[in-house]
Each structure stands twice: as structure tokens, then as C-alpha cells.
Amino acid sequence: MRVRFAPSPTGDLHLGGARTALMNYAFTKAHSNGKFILRIEDTDQERSSRASEEAISKALKACGILWDEGPDCGGALGPYRQSERLDIYKNHIDTLLENRKAYRCFFTDDELAQMKETSGQKIFRLPDTYRSLTQDAAQNLVDQGKPYTIRLDVSQCASEYTFKDMLKDSVVLPSLMVDDFVIYRSNGFPTYNFAAAVDDHLMEMTHVIRGEEHLSNTLRQLMVYDAFDWVPPTFLHMPLIMGRDAEGNPSKLSKRHGDVSVLTFLEKGVLPEAFTNYLLTLGYTYPNNVEMYSLDELISGFDLQYFSKSAAFWDIKKLYWYNTEYLKQMSDDDFFDLAKKYLTPETVPENFYNALETFKACIVYYKAHIELLSELPEHLALFFDPAQELSNESKTYLSDAENAEAFWRVQDALLELIRPDCVFSEVLNQVKEKTGLKGKRLFMSIRVALTNASSGPELSEIVDRVPTDWLLTRLRAFNRES
RNA sequence: GACCCUAUCGUCUAGCCUGGUCCAGGACACUACCCUUUCAAGGUAGUAACACGGGUUCAAAUCCCGUUGGGGUCGCCA
């Protein structure tokens, strides 16, 4: 069994691609002799880049996907970059030309556009002009230097193609769906449908697993297989991942729905395990109502029956839920180590950064309180931010007159009581005495006064760790006018 | 528009093949309560779905037909 993931390196790996790669990988590894191949489809010279290829490799590895053959590690049926296989495509094109299964088409873009417009037909079909041209006449035009593309002669194909998709009943695709399509560009590069079919055959792919948007490409590729008398692989078209635009209209998930780059999510602090776990739940159900599982666990019980047939919507809240769950499962030490990557001299002040170890317990508190690791610096601001003015949540708390009245009394008391080496329990008792306050109003007043926030770790944790002068700076910054 | 795919809570889905155990189960989200002198987390409970219309059958979410809805594709992009 041999399957591939074949991205075109025109940007980061996106969510849909990651899901396709994950499923291909799982499908292969669920079989003892399965080989997973990475093929780079860089036939679009303008948009492809080596940087994108590297970004995609990085994202795949981060998701735990490793390939047996690919451009970096080689393999028996390479090369694995389509731009390095140009002579192979050329040979196959020549065969088709000789057999008259394909022909040179000399129409320019303008001519094509004009014919389409003036044809008046609902579906435009190319005229016979170049399809029926003799070899000599065509050669003549080539010699004159006229640019041309090479098109597959679809009129020679069967009237319909039937194939068995692993997820569906037989799919019947009428050949009328497509006109003679370009398989070879005027710049000497093959097009996707041609290169993919040739490569899948030459690289001996047994299965092709991809998104449902490729269903109509399957027809074209089947036609290429047919032209060469090759036996096509088995196909599986997965339901799409959908997004909603601002108006709530659904469509295939893409950039306009927000972040779709795998690397961006990982950089923001989504754990790879959480990310892959969520992606794996879209269009596939792990049996027995189990929600949390690893890629390996999915592989060990992998079965086509668990695929669903309809599209699934991308739900970022559920992704974050998974992330929170995985975060909570981490050990304190592991979490702290990970947190340090987000608490750098760039994201937190130097004096706090240098005291990171002191605050370990407070930082670990956030294990169960954040969705994304990248939120950490802003949450921790209550420890180190001198806070020149009241935060919005503080203002909200103080918008209640009674709250505000208590708050200013507490602030006065704290200003007197907070001094070096003070112990929170003592300060608390003295504030209680001085102000006569108790309960929620007392604690919230102290919390807001000292942290400029209405939530956070235990007050004692904060007061006993944060240097006194940090606390005083903040206390002095607040006054009744603000 | 043509062709193809698809249809269970707001969302991800179980159940459908092998009709009855389903006045439809789980999870996310949401709401309420408990816990808690903060916010969360945790615990408990709750709201919420078989697209519609015809068949077949003693019986249909489950089988058949049609309608409607949604999506995808229609490039010298992949």
C-alpha cells in the first residue's frame, strides 16, 4: 500500500491540508506495509517557493507526520518534486501526441475569451480547429514559433467514467462535464491533472485520499489514466471543512475565515496534540464516545466506517477546549518550561523576567485558566505592570458606588500598611480592623487595589511574591479622579 | 446554469447497512445551581435535532421515490 500527500508549496500548510495529510498518514500506518510519500507539486512556477516547502515540512513534522519517501529523504521512485520531473512529463506528452490522444492547441487567451463570448452556447465547447489538424500542419505552426498548449482529446474518451469511492457508492461522472483540457502549458510545464496522474501511476500509488473539491478533477485524471491504458488507484474523497463568513454564509474554509495556517496556531500556543486531536474529529469519529485520543491511538483502530460523508464546520472554540484539556493534563514542570517560551524579555519586563522562578506557582495557576499560551504575558501583567491607570475590569468593579467607597478606604489603609517584608495575613487583619469591612467587598477591594484586576491567583500568593515597591507604585498611581 | 457530492441539537457527531430496545445518546457552546470571601477549574442539572412530502410496513431517524436546502467544480491554480 502506497499513499501520498501532495501539497503545492504556495504558502503555509493550512488546516484542510493538515487534515488531509493526517488522514492519509493514518490510513497508511494502519496497514503494516504502508508507505507514506510526500510529493511537492510545484508546477506553478510563480507561486511556488522553497520557503513554503520548508514551512509545510515543518508543520507536518510538528503534527507528528513523518514520510517514508520525499524530496528531502529520497526514495526509489523519485524525484519527489514535480519541477524535477519535467523530462518524465515531456516523454509522456510525446507518447500521447504520437497516439493522437492529445493535440497542440494554438488558440490565444484572447481568441478563447472571444469565442466563449460570441458562442452564445450555455456551455462553451472548443471547436475542432486544432483537434483535427494534421501533424504536419501543426508542426508548421510550431516552426513559425507560435505558442501552444497541449490538450487532451476528450472526444476519444468514454462517455462516462465510473469509479468506486471508498466513502460513497459508485460515482458516475459524465465526460460531458469537461472539455479538452490543457495538460501541458505553453511554458513547458505540465498542469496539475496531468502531472498528478502521471506521478501517481509512476510512483505506484495504490490509494488517493483527498478533499471532496477534487471530485471533478478525478474525472480528468481518470481520462489521463485511460489515455495511457493505466489502472487508476482507489480514491477516497473526504468531506470538506467549512467556515462561515461575516454574513454567516458557509463555504470551504479559507483565509477569509481567519487564521488557517497550522504554524500560526502552533505559535500562538496551541499544543500539537490538541491541534491534531481536534482536526481528527472533523469528519471522522473515534468510537465509543472517546473525545481525547492521539494520532497513534486513532491509527490503531482506524477504519473507513468511522468517516462521515458530510462537511464539517471549523469551530475554534472546540479547538481551544481541546487545548485547555491538554494543558490541564500537563505536569507543573512541563507547563512551566513551556510557559517560559512565551515569557521572554520581549513579552515581559526585565525585572519580572529575572524573577520568573519566584513566580512559578503563580504561573502554573494559569494552566487551567488559559486557552492559548500566548495569553500568558497579558494575564501576568497583574504581577509586574505598574499600571498607571485603572483597567477596564477595575473600572467596572468600581462603577458600583458601594464598591468604590470601600475600595478607596481600603486603598488608604494599604498605603499605610504595605511595607517591606509585610505578611499578607497580617495586612489583611489590619485592613479589616481599620476599615471595618469584611467578606467579598473587602477581598475584592484589596485585589483590585493591588493587582488592578478582578481575578487571578490567591491574593496571598500575589502579595507575598510581588516586591513591595511594585505594589506601592501601583497603589499610588490610583486616585479618586481616575 | 450544468454536473457531482451531501442532509440528526447552534456546532462536531452516535444511531441508519442488519426497521421495533430512540418521545433519539455523547461532546463543544449556552443557561441554572453547588463548590469557592476573586476569576476560573471541578460537580450537578437543564434548553436544544431526525429538512419537507409521498410511499413500503403492524411498525421508519433507519428502506424506496420526489422536493427543498447546503456545498463543490466548471483556469495555461492545485
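User: How many salt bridges does the rule find across the interface of domain 1 and domain 2?

Analyst: A salt bridge is a side-chain nitrogen of Lys or Arg within 4 Å of a carboxyl oxygen of Asp or Glu. Across the interface of domain 1 and domain 2 the rule finds zero. This is a predicted model, in which local features need pLDDT of at least 70 and side-chain atom pairs count only at pLDDT 80 or more, while totals for chains, interfaces and linings use all residues. Residues are numbered from 1 along each chain as its sequence is written, chains are lettered from A and ligands numbered from 1 in the order in which they are written, and side-chain values use heavy atoms, with hydrogens and water left out.

User: Which elements give two or more residues to the side of domain 1 that touches domain 2?

Analyst: Helices here are DSSP runs (H or I, at least four residues), numbered from the N terminus. The elements in question are α8 (262-267) and α11 (316-329). Of these, α11 supplies the largest share, seven residues.

User: What area do domain 1 and domain 2 bury between them?

Analyst: The size of an interface is often given as the accessible area lost when the parts come together. Buried area is that loss (1.4 Å probe), summed over both parts. Domain 1 and domain 2 bury about 1,000 Å² between them, with 59% of it on carbon and sulfur atoms. On the domain 1 side, Lys268, Tyr320 and Leu327 lose the most area to domain 2, together 48% of what that side buries.

User: How many residues of each domain are in contact?

Analyst: Contact means heavy atoms within 4.5 Å. By that rule, 13 residues of domain 1 are in contact with 12 residues of domain 2.

How values were computed. Buried area is the accessible area (1.4 Å probe) that two parts lose on being put together, summed over both.
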